[in-house]
Amino acid sequence: MRLNEQLKDRRSKRIIGILFTVFMLLLVLFTLLSNTLQSLTLPKVRAEQSVMGSVVHTLEGSGNIQPLVEVKLVNPSDWKIKEIFIKEGDRVKRGQKLISYDSQSAERELKDEEAQLKKQKIALQQFHDQFILISMEGDEIKIRNASRTIETQKLDIGVQERKIDEMKVKLANDKELSAPFDGFITKVSALEGLSSSGESDVVIANLSHGYQFTFMADADLLSSLDISLGDKVQVKVQVKSDKKTKTIEGEIIELKDVEPRLGYSSAKESDNTETIEQKLLHVKVTDSALIGGEQAHIKLTKKSKQNGLLISNEAIHQDREGMFIYKIEEQRGALGNDFVVHKVRIHSNEKNDKETMIQSDNVYENDLIILESSEPLQDNNRVRLQ
């Protein structure tokens, strides 16, 4: 009897122990499940570590190679084009004939004016003969009138001679179009058999002055790179003759202010646009292989003078008080680690289009900085890492 009671007592204790163990296991399980479910409701964030380094500034620009000096050659006479001796892309020497014009109408007009001059000279001889006859008569009034007629005729002859000289010079100058210097023909607008369209018949580049290309850049970037007039730069050019890329030394010959562009602040929560000052760079290049129209490219890279803490621009937020970031702090717990957000104020030292060098007493190297969040964040929020 006693033995039975002891057995029952042991069995009851065993059952109670088993039930207690199951209860504790279920309690732990539900606690873990609860924490897991709760963590799934937390904002999901993408983060990166802050690093020590220097800001790298990069300037890239490209453009078409164009002659530094071009001259438009125009024929002022409305004559038809007789013959064209050159084509686009030709190299020419100073004085070389480029175009001839049909000057027949001007030549006929010149002959008519020369005939008019001969008539005036014949009339002058007749006035001289009349003067002799009048002088024999001795009438002073008639003598003075005859003398004035002779002087007037001489003046008319002088005017006519000057007119003819001008026509000869114009005919000689306008009959042909010649190269004013050694150069390169960049454009031919003239068409044989047609009169000039009012535009230039030929555009010629002066090869002795070299070539240039232009591109625009942010003024702040140029300042960070310490770019100034006269700086030498390496320019990569796609040469047309052999279709190879050639590196040519260029020189910055002009930095011109142009219309600023509108941009947006890299800091989030900032709806304000910012005005970004722009400059137009003129880069001179000189090389015998250039003919104009080639594609040129320039790339300059320079590191900031000092190192600092770097973070991505997309991590930066801004409000009325200034810039801030969200830093993640890992807190260890009995059931796992929690990731808690802290709002940290920062100051910017230097930046490029991808990253910013910051100053802050609460941010250190390798700290986790939030780049993106699935929900708006506040200080001390718990989050889960993506």
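An open sheet is built from three strands in the order β6-β8-β9, with antiparallel pairing; strands are DSSP runs of E with at least two residues, helices are runs of H or I with at least four, and both are numbered from the N terminus. Two strands count as paired if DSSP finds at least two bridges between them. The edges are β6 (81-84) and β9 (176-178), each of which pairs on one side only. From one strand to the next, the twist averages 20°, with axes fitted as lines to C-alpha atoms and angles running from 0 to 180 degrees between N-to-C directions. Three antiparallel bridges join β6 to β8 (residues 97-101), and I84 stands opposite I99 in β8.

The model is predicted: local features need pLDDT of at least 70, side-chain atom pairs count only at pLDDT 80 or more, and totals for chains, interfaces and linings use all residues. Residues are numbered from 1 along each chain as its sequence is written, and side-chain values use heavy atoms, with hydrogens and water left out.

I99 is also among the residues of the largest nonpolar core, which has 24 members. Such a core is a set of buried Ala, Val, Leu, Ile, Met, Phe, Trp, Tyr and Cys residues joined through side-chain atoms within 4.5 Å, where buried means under 20% relative accessible area (1.4 Å probe, protein chains only). The residues that touch the most other members are V92, L98, I99, I185, V202 and I204. Two or more residues each come from β8, α2, α3 (140-174) and β11 (202-206); α3 gives the most, with five.

M136 lies in helix α2 (residues 104-137). M136 counts as exposed because its relative accessibility is 68%, the cut-off being over 50%.
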